[in-house]
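My entries follow in the order I looked things up.

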Amino acid sequence: MFAGLRNSWTLIKASAAVLRADKELIIFPILSSIGVLVVMASFAVPMMVTGFFEELFKGGPQILGYVVGFLFYVVQYFVIIFANSALVGAAMIRLRGGDPTVGDGFRIAIKHIGTILGYVLLSATVGMILRWLSERGKAVGRLVSSLGGLAWNLATYLVVPVLVVEDVGPMEAIKRSANLLKKTWGQQIVGNFSIGAIFGLLTIVVIILGIGTSVWVASTNSLALIVLTVLLFVLILVFMGLVNSTLSGIYVAAVYRYAAEGEASGFFSEEMVRGAFRPK
């Protein structure tokens with residue numbers, strides 16, 4: 001357990017070294033988050049104004065709900081995957097010794113926009129099928145949906161770097177991603193603890209501190225101080241989420257480079273990256 005935690009922390013520090021060298025990489029998750037909020041608002045507001053939700057809850061045409069849900073998945077997935085592609089593309093330049101800019105990342109994503117859109121359509125379709133199984137299949141359906149989601153996430157873990165580096169279509173990118181992961185089977189990439197798990201623990205700590213601080217501040221009966229305290233901890237959590245997304249994208253690029261090209265950058269030693277895998 002502690003060995004996995006140490007390994008995860010080492011990987012975070014290596015990813016952070018890349019982020020320190022290219023601080024602008026965090027712009028991609030920021031733009032992705034803004035884009036997701038805009039997409040949510042652009043779907044939710046018109047549907048609330050037109051009474052779409054009320055009609056759906058009253059037993060309106062379910063097929064229309066699935067069509068709107070599919071379109072929502074497509075647009076939201078496109079924003080997220082496009083931004084991730086730009087992030088990974090820029091990170092690959094740094095890992096290969098270059099000095100990327102935000103423009104470089106977006107140029108790489110735009111260059112592969114066709115395959116990105118194709119993969120988005122596949123992801124949205126899979127997402128809708130899993131959602132349908134979860135909603136309609138009761139206990140068995142939820143189990144199948146969970147297992148299917150896990151299998152999909154594993155198979156597509158390296159699909160973004162494959163899309164932006166290799167000239168292949170969406171289906172081939174998924175197959176390539178699955179094969180690369182099987183090449184040296186990992187304990188879901190970072191031993192017993194992932195970068196996400198580390199940030200999850202840090203998030204819990206921040207939330208506990210935030211609750212404790214808010215309770216203490218509430219005793220002062222100062223509304224302004226209470227609002228500022230809550231806002232401060234919300235901003236901390238948002239910032240942590242952005243850093244987590246950036247470091248995860250950087251690490252995915254490093255894992256891909258090691259798995260596909262057999263090379264580790266100066267930020268990630270070969271021993272470090274290999275430690276994220278367990279031979280078959």
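**Entry 1: a serine**

In which helix is the place of Ser248? I found Ser248 in helix H11. Helices (H or I, at least four residues) and strands (E, at least two) are DSSP runs, numbered from the N terminus. I note that this is a predicted model, where local features need pLDDT of at least 70, side-chain atom pairs count only at pLDDT 80 or more, and totals for chains, interfaces and linings use all residues. Residues are numbered from 1 along each chain as its sequence is written, and side-chain values use heavy atoms, with hydrogens and water left out.

Is Ser248 buried, partly exposed or exposed? Ser248 counts as partly exposed because its relative accessibility is 26%. The classes are buried (under 20% relative accessible area), exposed (over 50%) and partly exposed (in between), with a 1.4 Å probe and protein chains only. I also looked up a distance: 9.9 Å separates the C-alpha atoms of Ser248 and Asn84, which are 164 residues apart along the chain.

**Entry 2: the whole chain**

I counted 12 helices and 0 strands. From the N terminus on, the elements run α-α-α-α-α-α-α-α-α-α-α-α. Of the 280 residues in the chain, 42% are buried. I then checked contacts (heavy atoms within 4.5 Å). Among those with a separation of 6 or more, 75% join residues 24 or more positions apart.

**Entry 3: another serine**

Ser15 lies in helix H1 (residues 2–21). Its relative accessibility is 0%, so Ser15 counts as buried. From Ser15 to Ile250 I read 6.0 Å, C-alpha to C-alpha, across 235 residues of sequence.

**Entry 4: helix H6**

Helix H6 covers residues 113–136, which is 24 residues. From its first C-alpha to its last, H6 reaches 34 Å, close to the 34 Å expected at 1.5 Å a residue. The expected span is 1.5 Å times one less than the number of residues. Buried residues in H6 include Ile116, Gly118, Tyr119, Ser123 and Leu130.

I picked out Thr115, also in H6. Thr115 counts as buried because its relative accessibility is 18%. Leaving out residues up to four places away in sequence, Thr115 touches Leu163, Val168, Gly169 and Pro170. Ala173 is 58 residues from Thr115 in sequence and 9.0 Å from it in space, C-alpha to C-alpha. Just after H6, Lys138 takes a positive phi of about 55°.

**Entry 5: helix H7**

Helix H7 (residues 138–155) has 18 residues and should span 26 Å at 1.5 Å a residue; its end C-alpha atoms are 25 Å apart, which agrees. Which residues of H7 are buried? They are Gly141, Ser145, Gly149 and Ala155. These cover an arc of only 130° around the axis, so they sit on the same side of H7. The arc is that of the directions from the helix axis to the C-beta atoms. The face turned away from the buried side carries the exposed residues Ala139, Val140, Leu143, Leu147 and Leu150.

**Entry 6: H10 against H11**

The axes of helix H10 (residues 195–218) and helix H11 (residues 223–261) come within 10 Å and cross at roughly 175°. That makes H10 roughly antiparallel (over 145 degrees) to H11. Axes are lines fitted to C-alpha atoms, for helices over the stretch in contact, and angles run from 0 to 180 degrees between N-to-C directions. The residues of this contact divide into 18 nonpolar, 8 polar and no charged. Here Ala, Val, Leu, Ile, Met, Phe, Trp, Tyr, Cys and Pro count as nonpolar, Asp, Glu, Lys and Arg as charged, and the others, Gly among them, as polar.

Definitions and conventions: Parallel < 35°, antiparallel > 145°, perpendicular 65-115°, else oblique.
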